[in-house]
Amino acid sequence: MSHAEPHGEERQYSSRAEARRAAQRGGGRRRGGGDAGPPGEKRLIDYPRRGRYGFRRWLPSWKLVSGLCVGFLGMLMGVAGVSYALVDKPTIRDAARAQNNVYYWANGRQMVATGGVANRQEISYEQIPVAMRNAVVAAENKSFWTDKGIDPKGIGRAVFNMATGGQTQGGSTITQQYVKNSRLNQDQTLSRKFKELFITLKVAGEEKKETVMAGYLNVSYYGRGASGLQAAARTYYEKDATDLDPSECAFLATLLKGASYYDPAGATEIDPENATPEKNRERAEKRWKWILDEQVKDGKMSAADREKYRKFPDPKPLKKNAKLGGQTGYLVELARKYFLANNTQNITAKDMELGGFEIHTTFDETKVKQLAKAVDKVYKAKIRPEERPETDTHVEFGGASVDTKTGAILATYGGQDATKHFTNNADATGAQVGSTWKPFVLAAAMQYGVRDPKLGPDQDGSQRTIVSPESIYNGDNKLQIKEYNGEVWKDKDDNEWLQTNDGDYDHGEIDLRHAMEQSANSPFVQLGMDVGTDKVKEAAVAAGLKDDDMMADSTVPSFSIGTSSPSAIRMAGAYATFATSGQQNPTYSVTEVKRKGEVVFQHKKQPKRAFSTLIADNVTDVLKNVVENGTGKPARLEGREAAGKTGTTDGNKSAWFVGYTPQLSTAISMFRLDDDETNTKRKFEEMFGTGGEKKIHGNSFPASIWHDYMTAAMKGEKVLSFPEPQPIGEEVWGGGAASPSPTPTPSPTPSPTPSTEEPEPPTPSPTPTTPSPTPSKTCDFWDRECQNPNGGGANAGADGGVNGGADGGGTNAGADGGADGGADGGANTGTTEGTTEGTTEGTTGGNGGTNGGGSLWSGANGG
């Protein structure tokens, strides 16, 4: 019998089923714990809940939830209050303290201080035209006069318009943009956004709308280095802000969306593809029109007034900073673009506009001046646009010089003046490189080998034969080009390819060394087919070129004779790979960048093996022969070894010389355009007659500039020799060249003496002992060979053309001609232009070489 107290008694059930039903109703004994604590004890937070069982024990009460929400909101309000109290409102004076960017030469000496936004003048609200205020409100923030600094509806409207493709106001209010633009730190971080929110609220709560409007227009960036409305009015319209009309105000309001993409002058240095003058103008006109129409909708402009402004208010032409004249502007822009493309801290062009950066470049001040001097010498002596406007206008040179051991860009030539000629000619211009491409064909043949012609067309030709420079190829003019398996190559229109040589000259069976020396086309076009033009492309990319839109169609035979158009910088860097025995060093122009004393970028060397030492040294040996005995003779350096290649393209529209010593690689280009800088669709013009010459060759002006610059640049440097190459590959017979039986020693290689290979000219007499013309008629002041007792003109003939038809079926011109000089090839059938000229130039070149009378520039008596 139990003696327990009544409150401690437990109810007795007659069966288990009854007990189970009672438990389900909430009565009876509970398992797994009962009430948490004594019945009368109260807790501050009743969780887990007392007197609840199962999932109800863990379900918070409404009191608990509401208490937590109130506590959380209270905490947020406390944090917001503290943040609000701690942040400061922006001031125009602080925002105007943007610094210049300082650029330094390689030796640490200051080059120029520029690039920071310093063109700013504060004006009052009353000086801001009413039309400008209305335009900005219509374009950026229609609720400006009534919102509290943040406009949720505006954000939603911006998102909707962006999704539907309509014209958009910004999601941020004018107040938010004023706060953002006033802060020098533009880092995209959560903490910055958080601080800006509270600054915006503080500005909206404590400042008048007129003050915010004036502050916004005074601190905003309008492009062209102008910050603030007054600076923008002076920069774009050469007038004060108070004198702007509603149409001009609408245009300046357009620039607030992003000057780089709305300035009709374009900003191709920021975005070459999307910020062109044409695209920028189209965007600017569309938004300008929209802003004016929105003012009519908003009741801020009458329809009659709107009709007055139907013509787009063209701004004044872009003016370059005088401090960036000469070569400085090109160097600054080159370094800036390199830094923006390669920094890992997401530093943008907008950040650089705010200034404060120290940019240490690779540029050698002395070498930059030496390169400019060499180009200017030719300009002053030979290029006379006033005297020969039909042939000497818009003649351009480009150049780049690279340290072979590091890839550092030591000097460039971008044009005569960066404040007048805005395109950097050292960068990609579209000028085809012609026969300077042939070393990549030879490197590919040594790297991959030629494919076995016995393999079927569906096989990849994995059984390859590495090619020796002594390999024999058919050098005939109008050579029928074939696939590696012997099938005749045909283009998409079923036309076969007949490769011409410069001057229609038949070289016969010729080894690759002499084919390079004389710049014969047909051997290298067929060699490219035997190796595979895809492999030629791989070799070029491995050397340092980029596989971008400057790379031509690699599926056609002409690819092997230089239809691509890489920059002078890239070509100098690619040839440097041969100079370093196959070690490829990416070109670079910036060593280090600092901001506020902190290093934000540092160049890291990334060398890689492009070719084996065996391949690279053999290519160099072949190119050394070009300078010593072939088309590159004008580039010979006294007392130094040099290797290089000439190049001239179809229609004589560009000419190149690219060469190197063991320490320095330099590329020089020359071309002529049909219009001035205002026309962005400029075309390359022929250079027949330019500089008073019948034809411009790679071994004329470009080689002379290369020689003069390299002579000065290498002065005082240690004299080094190229490595002696070891034998490579096998002697391959290609292009229809008849391989002899195994017993006899093959001897089809032509004599290296140009005069024995060239066709007989009509005049003068082909007799080698014929005296050369009098020096007074042929020797220019830079004609070094006139002083040479051993021979006259530096070189026979010159480079021919390359195929301009990327589809494989267009015109096919022979590339460099070598000893025979001559003009460009003609159509796909093999007809050539200027055949008589080529024949005359080539043959008399032999006489010049014998007697010492030839000019460097004219093909005749070239030597």
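**Close-up views of a predicted model**

**View 1. Helix 8 and its cover.** Helix 8 (residues 209-219) is mostly covered, with 9 of its 11 residues buried, where buried means under 20% relative accessible area, exposed means over 50%, and partly exposed lies in between (1.4 Å probe, protein chains only). The buried residues of this helix are K209, V212, M213, A214, G215, Y216, L217, N218 and V219. Helices (H or I, at least four residues) and strands (E, at least two) are DSSP runs numbered from the N terminus. The model is predicted, with local features requiring pLDDT of at least 70 and side-chain atom pairs counted only at pLDDT 80 or more, while totals for chains, interfaces and linings use all residues. Residues are numbered from 1 along each chain as its sequence is written, and side-chain values use heavy atoms, with hydrogens and water left out.

View 2. Strands of a sheet pair through backbone hydrogen bonds, either parallel or antiparallel, and two strands are said to pair here if DSSP finds at least two bridges between them.

View 3. Strand 2 (residues 110-114) is mostly covered, as 4 of its 5 residues are buried. Strand 1 and strand 2 run antiparallel and are joined by 4 bridges, and Y104 stands opposite Q110 in strand 2. The hairpin has 5 residues between the strands, and in it G108 takes a positive phi near 95 degrees.

View 4. Strand 10 (residues 472-474) pairs with strand 21 in the parallel sense over 2 bridges, and W733 in strand 21 is the bridge partner of I472.

**View 5. Two loop residues with positive phi.** N346, in the loop between helix 14 (328-342) and helix 15 (349-353), has a positive phi of about 55 degrees although it is not a glycine, and N346 is exposed, with a relative accessible area of 66%. D494, a residue other than glycine, has a positive phi near 70 degrees; D494 lies in the loop between strand 11 (479-480) and strand 12 (498-499) and counts as exposed at 52% relative accessibility.

**View 6. A nonpolar surface patch.** F72, L73, M75 and L76 make a nonpolar surface patch of about 400 Å². M75 lies in helix 2 (residues 62-86) and is partly exposed, with a relative accessible area of 48%. Patches are made of residues with over 30% relative accessible area and no salt bridge, with like charges joined within 9 Å and nonpolar side chains (Val, Leu, Ile, Met, Phe, Trp, Tyr) within 5 Å. A salt bridge is a side-chain nitrogen of Lys or Arg within 4 Å of a carboxyl oxygen of Asp or Glu, and accessible areas come from the Shrake-Rupley method with a 1.4 Å probe, where for residues only the protein chains shown count as cover.
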